[in-house]
Amino acid sequence: MGLVFKTETFRDDFTFSNSPASIRRFPFPFDRDAYAYSVNIEPHTKGAPGSVFEFPIDVDEHYVAEMHDRALVLKADPLRCQSLPHMITAEWDLVELLMTSMAEAYPEHFTLTRDGDAWHWINRPLGIDDRFTFGDTATLPLPPMEYITRQCQGDFSLLDQRDNNLWMDAGIVTTQADWSLDFDIGMNFMEWHGPVPLAHEAGVFDRALKFLLNLQLGRPVRRLNWTMTINPRLDTSPENYHKWGTDRTTVTTENVGDKVHLRVELQALWRLPRSNAIVFSIRCYLIKLSELVTSPKWARRLHRVLKSLPPELIDYKGLTRYHPQTVEWLSKFDDGAPTSPGIGPD
Amino acid sequence: MSGGAELRVKIAEIEPVATDVRRFRFVAADGGALPLFSGGAHVVVGMEAGDRRIRNAYSLMGSPFDESSYQVSVLKTRDSRGGSVFLHERVAVGDTLVISHPVNLFPVDRRARKHLFIAGGIGITPFLAMAEQLSEEGARFELHYAMRARDCGAYAEEAARLYGGRVHLYCSAEGRRLPVDALLANQPLGTHLYVCGPERMIEGVIGAARDAGWPEENLHAERFQAPPAGEPFRARLARSGISIDVGPHQSLLEALEAAGIDAPYLCRGGACGQCETAIVSCDGTLVHNDHYLTPEERAGAAKIMTCVSRLAGRELVLDL
Ligand code: FES
């Protein structure tokens, strides 16, 4: 397959954009015209060829640029990657999951050769060629989780399971939508879901936790989550609020299409074999609205969804400042025609 | 969603290891690698016994790092509902079986400074995998293994040979009893306790640990239980309109499955919570045999764990 990695930025001059092919495969998250809260968890099984669900770990045209951005974030703030000592087995589990999956899905870019514990990993897009002993941290240039997640798009957290709860005891989080690993590390499932409005009353988190505690080997699950971001900024962390918070005030009716981005997270959860921990991956996809409206169905539907959003969610997702301009701009693309079922473009 | 992803395995070896205990070694039917697992995990083994489909959970006891085979131990129980007798008498090397992916409801707590394992009888099996894993990882553990007589103590010698001074054996026929209080009183801070064995033993050891002031988070027990027999009753499924009879030696879950319903489960032993089902009404008294529902939930009589619990009475109406 012809993956061509783009040179682009997610900060300063914001040169990030999606190719037409990348727009078509964007994981548009709304399957109906009005907003409805749902946990919408489904098995993380092989999806349609070319879609973001085709492989367990999706690599796309933004790979190299995203990895470069991650390195910049870590350089400025090493606390974006942390792991408590008891998570080392889970870190190695993650190395295995990501390397085997990437090598199998994209053999022209990644190669893994295993001879017992002697592993050889080649990452051509990033120019990496390393031999190491699986399980022996001293043989890698970085701790195992950091080593491999600097080579894989998306944030990752490793959840330890004990006392009938899940604990966020390790992770690398550099593209977060306004949450902080440094703040959440060591917290349990209920604690880190503390601030979501409406969902607690519905008992959503109790059910989700019970479901995840019984998550099985060989049966990963996924869901899509969304928010919006001004400018194609991957790192919208609370630590850097001073850098991006004011972006929200810069949206005008004229620049909505270029500035406002739909931000979709493909969240996936896997049970890990050796550690019995769970890996929670959060892969972020960005699309500016002027790209999104090239699909008439998505344009209509996003307009209707945003219009029907309850005020507490507008607030929670941080859309308050630019919600009216965005809805107004999108209304130009909504002719009132019906939308087809499913999330794909027409 | 029912029990989960399945694996086809072939029986590669059957070996008697103690009175009424046999060890089975499974390899992947297609000759490939089996998924890795973590110490304390179990698999559910499916058995086609005549017109019945029996599914029993067994702890994986081999090395978690061995992708070439899985090992389980099966104790032939006198009041068996068919599973252990089936495996003892009706299968042979070369036969294939369908098993679940490994599920771990009894994992080690990796923050522990030391792991203290207490096993009774066949309860030794999960600890063999845990000990192997911890010994590989260089963690500190001790295994205390109580058995009735030497010939009942499967794996006693094997464990002693593998882990030397970390293994302590207590054989009641020889007058050696497990010194529970002394053991619990003399552990370094940060020790985690794991117990697996007969229910009475689990209760005794966990109770003693609580009395000795151990924090609740440091206490772990494998509380699987085979579905107890009871009076027959009828279950009506409110949504699908089906009525089924639950026999005296059949669990409610098995009766649902026999009626073609893809009911959820993971442990089939009252421990994981996966089979929780809402009750619409019940004519009789619920017999809760699980370790999952809280006392308040039991009193509320709105939920039942179909894998082990039943009704003493006429009819149970389920929201299914
Ligand atoms: S299947 Fe686990 S509690 Fe019933």
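A polar contact, for today, is a pair of N or O atoms within 3.5 Å; within protein, one must be able to donate a hydrogen and the other to accept it, and residues adjacent in sequence count only if both atoms are side-chain atoms. With that rule, chain B and chain A share 7 residue pairs in polar contact, both partners at pLDDT 80 or more.

A word on the ground rules, everyone. This is a predicted model, where local features need pLDDT of at least 70 and side-chain atom pairs count only at pLDDT 80 or more, while totals for chains, interfaces and linings use all residues. Residues are numbered from 1 along each chain as its sequence is written, chains are lettered from A and ligands numbered from 1 in the order in which they are written, and side-chain values use heavy atoms, with hydrogens and water left out.

Let's stay with the two chains. Taking contact as heavy atoms within 4.5 Å, 27 residues of chain B touch 16 residues of chain A. Together the chains bury about 1,900 Å², with 49% of it on carbon and sulfur atoms; buried area here is the accessible area (1.4 Å probe) that two parts lose on being put together, summed over both.

How many salt bridges are there between chain B and chain A? The count is 1, where the term asks for a side-chain nitrogen of Lys or Arg within 4 Å of a carboxyl oxygen of Asp or Glu. The partners are B:Glu276 and A:Lys210, at 3.8 Å from N to O. On the chain B side, β7 (103–104) and α2 (125–137) each supply at least two of the residues that touch chain A; helices (H or I, at least four residues) and strands (E, at least two) are DSSP runs, numbered from the N terminus.

Now, inside chain B. An automatic or database assignment sets the domain bounds, giving domain 1 (6–104), domain 2 (114–222) and domain 3 (233–318). The C-alpha centres of domains 1 and 2 of chain B are 24 Å apart, and 18 residues of domain 1 are in contact with 15 of domain 2. This pair buries about 1,300 Å², carbon and sulfur atoms giving 66% of that. On the domain 1 side, B:Ser59, B:Met61 and B:Phe65 lose the most area to domain 2, together 34% of what that side buries.

And the polar side of this domain interface? Between domain 1 and domain 2 of chain B there are 0 salt bridges, and the rule finds 2 residue pairs in polar contact, both at pLDDT 80 or more. Strands β1 (6–18), β2 (21–28) and β5 (70–75) of chain B each supply at least two residues of the domain 1 side. Thanks, all!
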